[in-house]
Amino acid sequence: MIPQEIARTVIASTTALALVGLPVVAVGLVAGRLTGRLGRRGRRRLVRLGAIFVGSIFGYGLLIADPHPAIRVGAIVGVLSLVVATVWLGRLTDSGLLLIASSVPWTLYAGAVLLDVAITTRRIRVDSVVLPFLVGSIGIALGVLLIDTHRRALRRHPELDEPPVPPRRVWNAASQAILGPSILGLNLAALASIIFMIMGGQLTASVGHGQEILGAIAVAAIGSIATGFVATVAWFAAWPSRSRPAFEAFAWLGEWEIERFRALAGPSVPVTLAEMRRYVRNTKERPEDRALRAEILVIGGRLAEARAMAERIPDDTPFGRAERIGELDFVDWLEGGSDNGADLRAAVSAVEPSDGLDRLRAEVALAMADVRRLVASGDTDPTAPMRAVRARIGAHADRIWFAAARRLLPGYLRMSTAVVVIVTVIDRAVSV
């Protein structure tokens with residue numbers, strides 16, 4: 001049986017974090033919808049309103065969390081994480097607004113209690129409100145300092161008033177469109193998994209709260225594993241139905257490319273961008289790895305070298321010819337070319353049989369090129385070609401989610417362990 005106090009803390013922690021997480025996701029979705037329709041000033045105002053809104057949620061979470069240390073720890077970790085992220089992105093005003101909005105509710109409350117004590121004869125434990133009042137006041141002061149620092153920087157460098165709009169012709173334009181709107185680099189699925197990871201850390205800290213050190217370690221170990229699995233399931237479940245087909249086609253081609261890399265580099269080699277770059281740097285060029293080398297050179301921005309490499313891709317087979325033209329088309333597009341992809345389309349149609357795997361892979365690559373062109377033209381639905389090719393792939397990609405989740409799980413287990421350890425340590429420190 002779970003002790004009644006722990007059960008109440010678990011329920012309160014889960015409810016509070018859900019109430020925090022859902023508005024944050026909602027703000028992200030609304031922002032993703034609106035940012036493409038607003039001007040620079042409108043986007044800036046929307047982001048700042050979002051910072052105030054999210055900060056207020058955390059602030060009121062701290063205010064109601066007094067009986068529940070786990071919730072208080074979660075609110076503190078959440079707001080500090082967002083502040084650090086926004087400072088890292090150079091958005092000092094947003095960071096300041098976030099700090100102020102999260103500090104004001106409980107600073108006002110603690111200040112009102114102290115004022116009430118000062119003018120009445122009511123007795124309370126003053127030390128229980130003095131520390132929150134001081135910490136909140138410091139948070140407000142730091143927020144004002146961040147905003148003032150940003151304004152001073154803008155007076156010296158007016159060009160920093162608004163970060164430049166990301167160029168549409170970037171090497172990962174297609175994948176960005178497929179993954180959908182993002183907040184701090186996290187799309188909806190990744191954001192959902194992070195929220196569940198924080199919730200899992202809170203639940204673990206709640207269960208381990210007040211236990212002896214060995215019991216707390218055992219709870220943390222079990223909680224880390226369970227949280228990693230739940231976060232992976234949350235990532236899987238949070239994909240919008242409209243985005244799923246496009247991602248399935250994208251991931252299906254990606255899985256094949258990973259297997260091709262492993263056939264070249266060895267099955268024990270970790271599949272990361274850094275490993276692929278290391279392979280290109282440390283191994284001798286071969287005809288069968290020139291497509292991979294061209295991709296890595298494109299990612300590194302070395303377009304002239306990428307073009308030269310792409311021109312050496314063997315075209316003695318229909319698929320090789322389509323791959324060669326596809327890589328050259330990619331370089332042309334990044335350099336500002338306006339080609340409509342007719343040559344690539346013709347090369348893909350020549351890959352036989354029409355329902356073979358090579359043909360399907362070539363069609364996905366063609367769809368990716370079409371997505372890039374639609375992104376560059378500002379189309380409102382750039383992923384339509386990927387959804388269309390997903391229907392062509394059929395059952396070949398039906399289990400792609402399991403493959404993607406299997407690749408995510410080890411990383412999520414490491415992240416969940418870090419979250420659980422940090423939250424548990426903070427919980428024990430706050431509870432002392």
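I began with helix α4 (residues 92-119), whose 28 residues should span 40 Å at 1.5 Å a residue, and since its end C-alpha atoms lie 39 Å apart, the two values agree. For this check the expected span is 1.5 Å times one less than the number of residues, and helices (H or I, at least four residues) and strands (E, at least two) are DSSP runs numbered from the N terminus. I then looked along α4 and noted a bend of about 35° at Val-104, with a proline, Pro-105, following within four residues; the bend is the angle between axes fitted to the seven residues ending at a position and the seven starting there.

I note that this is a predicted model, in which local features need pLDDT of at least 70 and side-chain atom pairs count only at pLDDT 80 or more, while totals for chains, interfaces and linings use all residues. Residues are numbered from 1 along each chain as its sequence is written, and side-chain values use heavy atoms, with hydrogens and water left out.

Among contacts (heavy atoms within 4.5 Å) with a separation of 6 or more, 68% join residues 24 or more positions apart.

Next I looked up Ile-178, which lies in helix α6 (residues 173-179) and counts as buried at 2% relative accessibility. Leaving aside neighbours within four places in sequence, Ile-178 is in contact with residues including Trp-239, Phe-247, Phe-250, Met-368 and Met-386. The C-alpha atoms of Ile-178 and Phe-247 are separated by 6.1 Å, although the two residues are 69 apart along the chain.

I turned to Gly-223 in helix α8 (residues 213-237), which counts as buried at 10% relative accessibility. With neighbours within four places in sequence left aside, Gly-223 is in contact with Thr-204 and Val-420, and its C-alpha atom is 8.0 Å from that of Leu-203, 20 residues away along the chain.

Leu-145, by contrast, is partly exposed, with a relative accessible area of 49%, and its place is in helix α5 (residues 127-156).

Last, I checked the peptide bond from Glu-352 to Pro-353, which is cis with omega near -5°. Pro-353 sits in the loop between α14 (342-349) and α15 (357-376). Most peptide bonds are trans.

Key. Buried < 20%, exposed > 50% of the residue type's maximum accessible area, 1.4 Å probe, protein only.
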